[in-house]
Amino acid sequence: MLRLEHRPQPSARWTWLAPPLAVLITMIAGGALFAALGKNPVDTIRTIFWDPLFGEFAFYYRPQLLVKAAPLILIAIGLSLGFRAGIWNIGAEGQYIVGAITGAGAGLAFYPLDAWFIFPLMILAGALGGFLWAMIPAVLRARFGTNEILVSLMLVYVAEQLLAKMALGLLRNPEGRGFPGSRNLQQYAPAHNAEIIANTGIHWGVLAAFIAVIFAYILLARHVLGYQIKLTGQAPRAARFAGVNTERLVFICLGLSGALAGLAGMFEVAGPAGQISIEFNVGYGFTAIIVAFLGRLHPLGIQLAGLLMALTYIGGEAAESSLQLPAAAIQVFQGMLLFFLLAVDVLSNFRLRLSRTEAA
Amino acid sequence: MDLSSIDPVVLMASVIVASTPILLAALGELVVERAGVLNLGVEGMMITGAICGFAIAVNTGSPLLGFAAAAAGGAALSLLFALLTQFALANQVASGLALTLFGLGLSALLGQGYVGVKPPPTAALDFGPLTDLPVLGRVLFSHDLMVYVALGLVAAVWGFLRFSRAGLILRAVGESHDAAHALGYKVVRVRVLAIVFGGACAGLGGAYISLARVPQWTEGMTAGAGWIALALVVFASWKAGRVLLGAWLFGGVSVLQLNLQAAGAQFPVASLGWITLAACAAYLGYVLWQRQEISGRTRVILGVTAFAGAAFSYWRQGVYVPFQVEYLSMSPYLITIVVLVIMSFDKSRAPGSLGRIFHASQ
């Protein structure tokens, strides 16, 4: 009989072995899924994971990798702080949308003025928008003890409606002949989140993501706040006895993750997406949850996980065009990854023991 | 403003239809949570049920088989959750989210060939002369089978939890899994059964959306219904009867907003101010009722907000603007939040072991 034995300490080895193992199992299960869809599994896996990096068109795909990874990493870094403290912000998608709206709104308000301060102002506005949107569940949780999971999630649907309203109303391009969608920020230089170094994919959002990773690392490893976050997550009662202000922690964790998600939205709308439109959001806020877990809620892990997840997006698109793989198959693939990760995780907290059935 | 086009009898009948999906899903989740398990994957199980039911109903021509397949699909997905949380002892919040993300992807994949297809109609039950009763006939006796299944399930779940021995065991497992384990009850077995029941119910609820309420298949068509069902369980303080009330409330809001959209109703702007004022008064009333201390800063904020609300109402008195579709579409979600806030004052009811991991060695 297989038996689970509780480890006194989570195994450090398995904590870091689990994600690669989960990725491997997902590739096998994904291969089976692709085979069931009538595709050659080896070809498909190669198209998704190998070709964008080392294939013939890698020069085109590699910059894309950073473009897709930046919002995922930015959002996941914020989420990981809360997840560590047992504060579940599931509504990053909503904060991402609102950050994009406020960021783009701040830029468009100055159209067609040409001034240096517009882009910094947009960054502030985007972060503030996401921050305020996240403050709704934060205030409700801190003041009334309302479940932040459900509130933040509900606000995603509200934000989606708000996005539609903005694309059709307030922010609609006056010269767009009535089509929904705002002016294209790529064509408005002072508000354009352009590449810092041409053809590398590195725009300001990528830089922000790297900075966020470093700050989160310092926060968690060296700062008392990071210690309090970890303590609250692992032993809430001990944290209270140690004088941790849980209410303040709710505000900080939700506020930071909201601001980072808002930033991600703003960088996206001012750069790769270009405009506020009804179909602006593509689920980065939800995929970032997978990224956060896959990266073990650790900043460096999140960076790697974000790049990997970006690879599945890009490789998925490539497989979609060259192998006619349905787009949803990649979504299933990403979902499976989180499943397997959670399942493999049992090995870091428990020891598998083979034992004969004992007499009770 | 022309509200005469809204017929209250038709409205009530459609409230019952609109509330059925979330009622089914919430009842399932209620049982799961009473067993001490928090499954956040309702949305994923609902949408999987929606496509499973839709596909089978289209291929066989039988809505009944469709509903059976939906229940099976939802249950199968929930089994994954059971595997993760009960055997691999994974975090329930993370596992539930994984279930939702996976279910959304899976349903999109399964539903590829079904966009734009019409499902076989789900026929209304024949109640003979009862259907011709004025008002009651239209409201109560004009629906399809699943509406009555859902209502029957409310009674069944209520009776099961309240009167049956198995229900007592399930509640014991949910309140304190260690005590239940010490008494010799199979905690994991009870929980797995509850999870599977919850999955089947969520699947049925999803299929009711794709087969009866909408009836068609579009990606992501449950649009948060699963999350609203989760909120409904909190709203109902984990009681079956109140789930029904809550489902009608949410069904009512979503039907009403659709009707207001269709009727091109006008919105009295001043009511925003009145709502603000009422919220301040309600909060003050609560604080006084609880005999809590109220800090000076809170007092100032409360006073200023209330005054601003009143001033706004006075300023915008008699001003009407057309309801905007997008803002009306927000209303079910916003009302869910408001209801969650109100219910969070009542902290005593959640099952004691909700969301905690059980392992016999601990």
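Ile45(A) touches Met27(A), Gly31(A), Phe34(A) and Trp50(A), once residues up to four places away in sequence are set aside. The model is a predicted one, and in it Ile45(A) sits in helix H2 of chain A, which runs over residues 41–49. With a relative accessibility of 16%, Ile45(A) counts as buried, because the cut-off for that class is under 20%. Ile45(A) can also be placed relative to Asn199(A): the two are 154 residues apart in sequence, and their C-alpha atoms are 26 Å apart in space.

Ile196(A), Ile197(A), Trp204(A), Leu207(A), Ile211(A) and Phe215(A) together make a nonpolar surface patch of about 580 Å². One of these residues, Trp204(A), belongs to helix H8 of chain A, which covers residues 204–222. The relative accessibility of Trp204(A) is 40%, so this residue is classed as partly exposed.

A buried position is also found in chain B. Helix H9 of chain B, spanning residues 187–213, holds Ser210(B). The relative accessible area of Ser210(B) is 0%, so the residue is buried. Beyond its neighbours within four places in sequence, Ser210(B) is in contact with Ala50(B), Phe54(B), Pro119(B), Pro215(B), Gln216(B) and Met221(B).

Most residues other than glycine have a negative phi. Gln324(A), although not a glycine, has a positive phi of about 55°. This residue, Gln324(A), is in the loop that links helix H13 (299–323) and helix H14 (327–344) of chain A. Gln324(A) has a relative accessible area of 55% and is therefore exposed, since that class begins over 50%.

The second case comes from chain B, where Trp238(B) has a positive phi of about 60° and is likewise not a glycine. Trp238(B) is found in the loop between helix H10 (225–235) and helix H11 (240–263) of chain B. With 9% relative accessibility, Trp238(B) counts as buried.

How values were computed. Residues are numbered from 1 along each chain as its sequence is written. Chains are lettered from A and ligands numbered from 1 in the order in which they are written. This is a predicted model: local features need pLDDT of at least 70, side-chain atom pairs count only at pLDDT 80 or more; totals for chains, interfaces and linings use all residues. Side-chain values use heavy atoms; hydrogens and water are left out. Patches are made of residues with over 30% relative accessible area and no salt bridge: like charges are joined within 9 Å, nonpolar side chains (Val, Leu, Ile, Met, Phe, Trp, Tyr) within 5 Å. Accessible areas come from the Shrake-Rupley method with a 1.4 Å probe; for residues, only the protein chains shown count as cover. A salt bridge is a side-chain nitrogen of Lys or Arg within 4 Å of a carboxyl oxygen of Asp or Glu. Helices (H or I, at least four residues) and strands (E, at least two) are DSSP runs, numbered from the N terminus. Buried means under 20% relative accessible area, exposed over 50%, partly exposed in between (1.4 Å probe, protein chains only). Contact means heavy atoms within 4.5 Å.
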